[in-house]
Amino acid sequence: MKYFGKTALLLCFIYITSAAKLKHTNKEFNQNRSFPADFLFGAATAAFQVEGGWNQGGRGWSMWDYHIETDSTFIFDGTTHEVAADSYNQYKRDVGLLKELGVNVYRFSVSWPRILPLGTPDYVNPEGIAYYNNLIDELLANGITPMITIYHWDLPLRLAELGGWLNEDIATWLGDYARVVYQNFGDRVKTWLTINEPFIICSLGHAFGKHAPRIESPSEGFYECGRNVLLAHARMYHIYYDEFKSQGGKVGVILNCDMAFPSTDSQDDAEAAEDYLVFTLGQYAHPIYSPQGNYPQRLIDRVGNASALEGYKQSRLRPFTPEQINYIRGTSDFFGLNHYSSYYVYRNDSLKDSFVVPSFEGDLYIGTYTDPDWTTESSMWIYGFAPGLYNLLLHIKKEYNDPTIYITENGSVDKLGFYDEDKVAYFRGYLNAVLDALEEGVDVRMYTAWSLMDTFEWDYGYLMRMGLYQLDTDDPNRPVFPRKSALVYKEIIRSRIIDPNYNPEPNDL
Ligand code: NOJ
């Protein structure tokens, strides 16, 4: 599991040899089946990862700017976000790439500190507003539907200094910011993604200290962050429906989840797999999508019991009030899903002493490992196993009352150069899994590939190249080149089928 403790990971690899492998296969590629005519294909990016222009146009600092600019050891490869893909200056190039791919939608995020340099609407930066107006207009002029993530991790520094995600006022701050976004762009943008990946915001940012704001609070910080994310998301949703309903758009959250398969057919391992989904997905999905709202009972019980054993008078998972439960329930018009990897999981006595106490990992209490076949030369933390997506989609359908699902991110990493064969295989396999899920009646309507071009991959800098287009980060003009995956994706979009034998060469675009 990417985000979990090193000890657990070590145990994983010892355990793998004795694991009973379960079979989870997808169907063979079959060119007789195709994506429905109204199925939407897209590509995705996020402002901080592609815009650059970090000190242009009146942009303020986010918490990421602060940590990158003040600690040269923060980003693994020593690179920065300052220029990135230069999309702030080259948005017309980006739209040209999207047009070349033939996508229906472009998922991008609005930079909070570019629009509100101080975080609050006391000052709205006209150059920031103009930038997104230009981008939206350019997309529409080229027949591409804009889809906006309102919060993709670049919290304004000033608000981070006031406690950020650990201050309940974050719901007010995000709501006020969302209002500015709806006011300025809602006449043309009809799909809103409120917050990207609560689990990653709270685990990497507030439990493990790997992402800004680099807080290491694996129990209370993690749970408080999640609670505030849910309240903030709900406020963004309600503001839209209370004040902007006439714009006629849709609003939803993006949750990320990897898939967990039980290592053996033991009851303990089955429960470990269930709890993995409860902690990483259910914690955020259940309060929004379940008919009764609130955290999943399994989460409440596990954290409550562990807290009691540790001598706490109250659960480390602070309960919602009945008013809050009602306020959050039902606040998503679709299920936005980011998905990348799969794991085998187990639970047994070997895990004793593996976790920090108290911590959410200790509460969850599972071991994880991956199959070596799911790793590639450059995959870093991505363990690609397409049946994971198929099984996860079925889980969401069953657990959350058959929601409309938008796959807002999926993709992989590869070495530099045109022939990104591992990534091509990844995209084909995962899109084939989507076809399998469609045949089972899962209501998936959209797939946006991560990512349009190589992006600044947070703490990994440029170590992870995930773009359909390769970005030349050595050239100040930041030229981009299509990879094989771009051509393959383009052909899938055009033909609506997956042809495993389509084998384009660089000049075939
Ligand atoms: C998660 C995030 O939404 C995105 O910002 C990141 O680059 C990709 N997935 C890959 O890690």
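This is a predicted model: local features need pLDDT of at least 70, side-chain atom pairs count only at pLDDT 80 or more; totals for chains, interfaces and linings use all residues.
Strand S4 covers residues 191–196. The strand is mostly covered, with 6 of its 6 residues buried. A residue counts as buried when its relative accessible area is under 20%.

S4 pairs with two strands, S3 and S5. Strand S3 spans residues 145–151. S3 and S4 run parallel and are joined by 3 bridges. Within this pairing, Leu193 of S4 lies opposite Thr149. Strand S5 is formed by residues 250–256. It is linked to S4 by 4 bridges, and these two strands also run parallel. Here Thr191 has Lys250 of S5 as its bridge partner.

The ligand is surrounded by 13 residues. The closest are Gln49, His152, Asn196, Glu409 and Glu457. By type, the shell around the ligand comprises 6 nonpolar, 4 polar and 3 charged residues. Asn196 belongs both to the residue range of S4 and to the closest residues around the ligand.

A polar side-chain atom of Asn196 sits 2.8 Å from a ligand oxygen atom. For Glu457, a polar side-chain atom lies 2.5 Å from an oxygen atom of the ligand.

Key
Residues are numbered from 1 along each chain as its sequence is written. Side-chain values use heavy atoms; hydrogens and water are left out. Buried means under 20% relative accessible area, exposed over 50%, partly exposed in between (1.4 Å probe, protein chains only). Two strands pair if DSSP finds at least two bridges between them. A residue is near a molecule or strand if one of its heavy atoms lies within 4 Å of it. A polar contact is a pair of N or O atoms within 3.5 Å; within protein, one must be able to donate a hydrogen and the other to accept it, and residues adjacent in sequence count only if both atoms are side-chain atoms. Ala, Val, Leu, Ile, Met, Phe, Trp, Tyr, Cys and Pro count as nonpolar, Asp, Glu, Lys and Arg as charged, and the others, Gly among them, as polar.
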